[in-house]
Amino acid sequence: MDLHKCEGRLLLGPGPSNVSSRVLTAMSRPLLGHLDPEFLEIMNSIQDSLRQVFQTSNALTIPISGTGSSGMEALVANFVEDGDSVLIGVNGVFGQRLAEMVRRHGGSPTLVESSWGDPVDEKGMLEAAQKCNPRIVAVVHAETSTGVLQPVEPFKEICDQFGSLLLVDTVTSLGGHPVEVDSWGIDLCYSGTQKCLSCPPGLGPITVSEKAEQRLRQRTSKCKSWYLDLNLVNSYWGADRTYHHTAPISMNYAFLETLNLVIEEGLQKRWDRHRRNHQAFVAGIEGLGLQMFVAPAHRLWSLNTVTIPEGIDDAKIRSQLLGDHNLEIGGGLGELAGRVWRVGLMGENSSSENVLYFLFALGKCLKKQGFKCDPGAGVQAAASFYAQN
């Protein structure tokens with residue numbers, strides 16, 4: 001295939017997002033050895049910057065060599081032993097994935113399931129905890145499959161009551177929404193590089209509290225994954241610098257440049273940008289006569305789920321957007337397949353230009369399928385929002 005055909009693709013799906021030219025340039029730099037003193041300094045810089053982005057002072061804050069799911073599995077593999085009770089809030093695909101990983105690593109998951117599109121029920125989680133006495137309480141902060149933003153702080157109270165560790169998935173929120181690991185009392189947190197951080201997929205950032213590190217040192221059995229064993233991985237990222245595996249050098253170059261961009265912009269300004277563009281997006285969607293899937297109080301800014309109107313062919317719209325406008329969006333997963341579109345406004349892609357272009361393209365595609373709307377109404381509504389805000 002001629003890769004030039006894909007140039008200029010606007011990636012407004014659930015990830016990956018487009019990346020800065022600075023990040024692409026960083027990836028093209030000559031390789032260093034994974035124990036080269038200069039690369040070790042790069043590792044130090046990555047850890048320092050990642051702590052700022054996670055809003056934590058945790059010593060064990062590193063990128064796992066693998067995509068975001070490697071960060072998820074690293075934390076499950078290291079902190080779940082055979083028979084461990086794990087309480088999981090499930091309201092989408094990625095809560096289900098957490099539960100499956102817990103099962104595969106010998107844990108005993110208790111699921112509190114909420115309707116897809118709603119947040120996890122806090123009262124239900126407390127009632128379940130009273131029955132299962134969990135060693136870990138796990139929730140998805142940003143459920144990519146549904147577009148729901150989950151409040152995290154209430155689950156810390158459950159963890160304090162039962163002596164549990166709090167595990168949080170921030171794959172689609174880190175860098176686009178406030179994520180405050182220390183002040184929220186999160187013990188185990190993982191993310192991905194390819195969403196709001198706007199770096200190519202390939203690393204799984206994690207951070208582990210001191211309390212959780214102590215739990216790790218007290219394991220009664222070895223981690224079942226050699227590659228993801230944090231006692232071994234941290235011997236490379238920690239003070240010893242003991243060889244464990246060959247790090248993906250170019251990905252770490254890219255990640256450091258990504259973190260530099262985030263810090264240069266400022267976390268608060270970055271969060272504000274994501275919120276403002278999300279709000280303009282919603283105004284445009286409603287201007288076209290469409291509806292958002294999630295209630296306003298629980299909507300992600302970075303991943304927007306739009307209800308597909310009756311009579312509109314989901315796959316055909318996405319194909320037209322890709323073929324006619326070089327623009328990618330995502331379809332629904334699981335029980336939402338064919339019911340919603342998932343539109344990412346993440347990192348580099350969270351901009352007024354992208355919001356307006358998407359609304360223009362979607363309006364044209366809907367009109368082609370016979371949907372009764374003014375194709376320009378979405379653009380007008382979003383532009384009006386920007387003018388007033």
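**View 1. Helix 3 and its surroundings in the predicted model.** Helix 3, which covers residues 68–79, contains 12 residues and reaches 17 Å from its first C-alpha to its last, close to the 16 Å expected at 1.5 Å a residue; the expected span is 1.5 Å times one less than the number of residues. Helices (H or I, at least four residues) and strands (E, at least two) are DSSP runs, numbered from the N terminus. Among the buried residues are Met 72, Leu 75, Val 76 and Phe 79, where buried means under 20% relative accessible area, exposed over 50% and partly exposed in between (1.4 Å probe, protein chains only).

This is a predicted model, in which local features need pLDDT of at least 70 and side-chain atom pairs count only at pLDDT 80 or more, while totals for chains, interfaces and linings use all residues. Residues are numbered from 1 along each chain as its sequence is written, and side-chain values use heavy atoms, with hydrogens and water left out.

**View 2. Strand 8 and the strands that pair with it.** Five of the five residues of strand 8 (residues 165–169) are buried, with Leu 165, Leu 167 and Asp 169 on one side and Leu 166 and Val 168 on the other. Strand 5 (residues 136–140) pairs with strand 8 in the parallel sense over five bridges, and two strands count as paired if DSSP finds at least two bridges between them. In this pairing Ile 136 stands opposite Leu 165. Strand 9 (residues 188–190) also runs parallel to strand 8, joined to it by three bridges, and Tyr 190 in strand 9 is the bridge partner of Asp 169.

**View 3. Aromatic pairs.** Three aromatic pairs are found in a search of the whole structure; rings of Phe, Tyr and Trp (its six-membered ring) pair if their centres lie within 6.5 Å, and planes under 30 degrees apart count as stacked, over 60 as edge-to-face and the rest as tilted. One of them is the stacked pair of Phe 281 and Phe 358, at 5.6 Å centre to centre with 20° between the planes. Phe 281 lies in helix 11 (residues 267–287) and Phe 358 in helix 13 (residues 352–368), so the pair ties together parts that are 77 residues apart in sequence. Phe 281 is buried at a relative accessible area of 0%, and Phe 358 is buried at 1%.
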